[in-house]
Amino acid sequence: MNSFTLLWGFSFIMITNIAFAQTEEEIQYFANSLFTERDYASAIIELKRVNYMYPENKNHLANKLKISRSYRYIGKQIEAIQELRNVLSLMNDHWGASVQIAKTYQDMFYLYESNDLINAQLHHFQSDQKDTLLYLKALNHFLLKNVDSTKSILNNINQSSSLHKKTTETKELIKEFENSSQNNPSLAAGLNAIFPGLGYMYLGLIQTGISTLYVESLFGYITYQSFKQNNTAGLGFGGTLFSGFYLGSIYGAKQQAIKKNNRLYIYYSKKMAIK
């Protein structure tokens, strides 16, 4: 064994001993400092270390919540949820963990998972805490396009709740949403089937509609001329292009209508969201 190997081994042992010789307070202080300084990746490591080395420490749950927030800040939502579920495994009526899991799932558009969590946790809470979960559930139903369910859930929120004002505002937003000009996907598709580009124009996509009319007319003309001239190759080529573009424009108009409606739901859901 050469001297370099001995030196490396000795250094490793010394560093390890120093690291594990730190007191609970020192590691906790360092972890909190990293979290405050927004060095979240390093904070996760230190917060986990203090909980591992001192599992009975008084900050155990608070550290798990900070770990979850750190994961969320660096874009690791699934890891954040898992840490919060660990909190619930230790304290199944923990309010902060319950609402954050529901909101994180909602932000990820895991709406059914959010509702499942809310339904499982509702019986643990009363008053404003219960109403907050109900409000989140109502917003999930709105994003799932179940507007009637949304209104029904909002009606279950207590009028004396701190969320009463927000609930009233949301009910007004729903009325505004219902009166807004939503697009009919089937109508958009049907209009494009009847007249090339008309479905796009119905959706307000004027340039797309004009382009569709021009291209389909061009392919239709090629197909017609090939038929008149008994040009089998030209007929097959033009007919394939025409039919492909024609069917594609029908499908495209339907998808564009769905996308525009989805954007409308998202727009109103952001206005309804709890800050």
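This is a predicted model: local features need pLDDT of at least 70, side-chain atom pairs count only at pLDDT 80 or more; totals for chains, interfaces and linings use all residues.
Local features are reported only at a pLDDT of at least 70 and side-chain atom pairs only at pLDDT 80 or more, whereas totals for chains, interfaces and linings use all residues. Residues are numbered from 1 along each chain as its sequence is written, and side-chain values use heavy atoms, with hydrogens and water left out.

**Overall composition**

- The protein contains 14 helices and 0 strands; helices (H or I, at least four residues) and strands (E, at least two) are DSSP runs, numbered from the N terminus.
- Of the 275 residues in the protein, 37% are buried; buried means under 20% relative accessible area, exposed means over 50%, and partly exposed lies in between (1.4 Å probe, protein chains only).
- Among contacts between residues at least 6 apart in sequence, 55% join residues at least 24 apart; a contact means heavy atoms within 4.5 Å.

**Helices H2 and H3**

- Helix H2 covers residues 24-36 and helix H3 covers residues 40-53; their axes come within 8 Å and cross at roughly 155 degrees.
- Axes are lines fitted to C-alpha atoms, for helices over the stretch in contact, and angles run from 0 to 180 degrees between N-to-C directions.
- H2 and H3 are therefore roughly antiparallel to each other; angles under 35 degrees count as roughly parallel, over 145 as roughly antiparallel, 65 to 115 as roughly perpendicular and the rest as oblique.
- The two helices H2 and H3 form a left-handed crossing, a term used if the near helix is turned anticlockwise from the far one by less than a right angle, with right-handed used if clockwise.
- On the H2 side, the residues that meet H3 include Ile27, Phe30, Ala31, Leu34 and Phe35, and on the H3 side the residues that meet H2 include Tyr40, Ala43, Leu47, Val50 and Met53.
- By class, the contact of H2 with H3 has 10 nonpolar, 3 polar and 3 charged residues; Ala, Val, Leu, Ile, Met, Phe, Trp, Tyr, Cys and Pro count as nonpolar, Asp, Glu, Lys and Arg as charged, and the others, Gly among them, as polar.
- The 13 residues of H2 reach 18 Å from first C-alpha to last, close to the 18 Å expected at 1.5 Å a residue; the expected span is 1.5 Å times one less than the number of residues.
- Ile27, Gln28, Ala31, Ser33, Leu34 and Phe35 are the buried residues of H2, and what covers them includes H3 and helix H4 (60-73).
- An α-helix has 3.6 residues a turn, so residues three or four places apart point the same way.
- Just after H2, Arg38 takes a positive phi of about 65 degrees.

- H6 and H7 pack at an angle of about 165 degrees, with their axes 7 Å apart.
- H6 and H7 are therefore roughly antiparallel to each other, and their crossing is left-handed.
- In H6 the contact is made by Ser98, Ile101, Ala102, Tyr105 and Gln106, and in H7 by residues including Leu111, Leu117 and Ile118.
- By class, this contact of H6 with H7 has 6 nonpolar, 4 polar and 1 charged residues.
- The axes of H7 (residues 111-121) and H8 (residues 127-143) come within 10 Å and cross at roughly 155 degrees.
- That angle makes H7 roughly antiparallel to H8, and H7 passes H8 in a left-handed crossing.
- Among the H7 residues that meet H8 are Leu111, Asn115 and Ile118; among their partners in H8 are Leu133, Leu136 and Asn140.
- The contact of H7 with H8 has, by class, 5 nonpolar, 6 polar and 1 charged residues.
- H8 has 17 residues and reaches 25 Å from its first C-alpha to its last, close to the 24 Å expected at 1.5 Å a residue.
- Because 13 of the 17 residues of H8 are buried, H8 is largely enclosed by the rest of the structure.

**Individual residues**

- Phe109, in the loop between helix H6 (95-107) and H7, has a positive phi of about 65 degrees although it is not a glycine.
- Phe109 is partly exposed, with a relative accessible area of 47%.
- Lys145 lies in the loop between H8 and helix H9 (147-154), and it has a positive phi of about 70 degrees although it is not a glycine.
- Lys145 is partly exposed, with a relative accessible area of 38%.
- Phe177, in helix H10 (residues 164-179), is buried, with a relative accessible area of 1%.
- Leaving aside neighbours within four places in sequence, Phe177 is in contact with Phe142, Val147, Gln182, Leu264, Tyr265 and Tyr268.
- Phe177 and Tyr268 are 91 residues apart in sequence and 7.2 Å apart in space, C-alpha to C-alpha.
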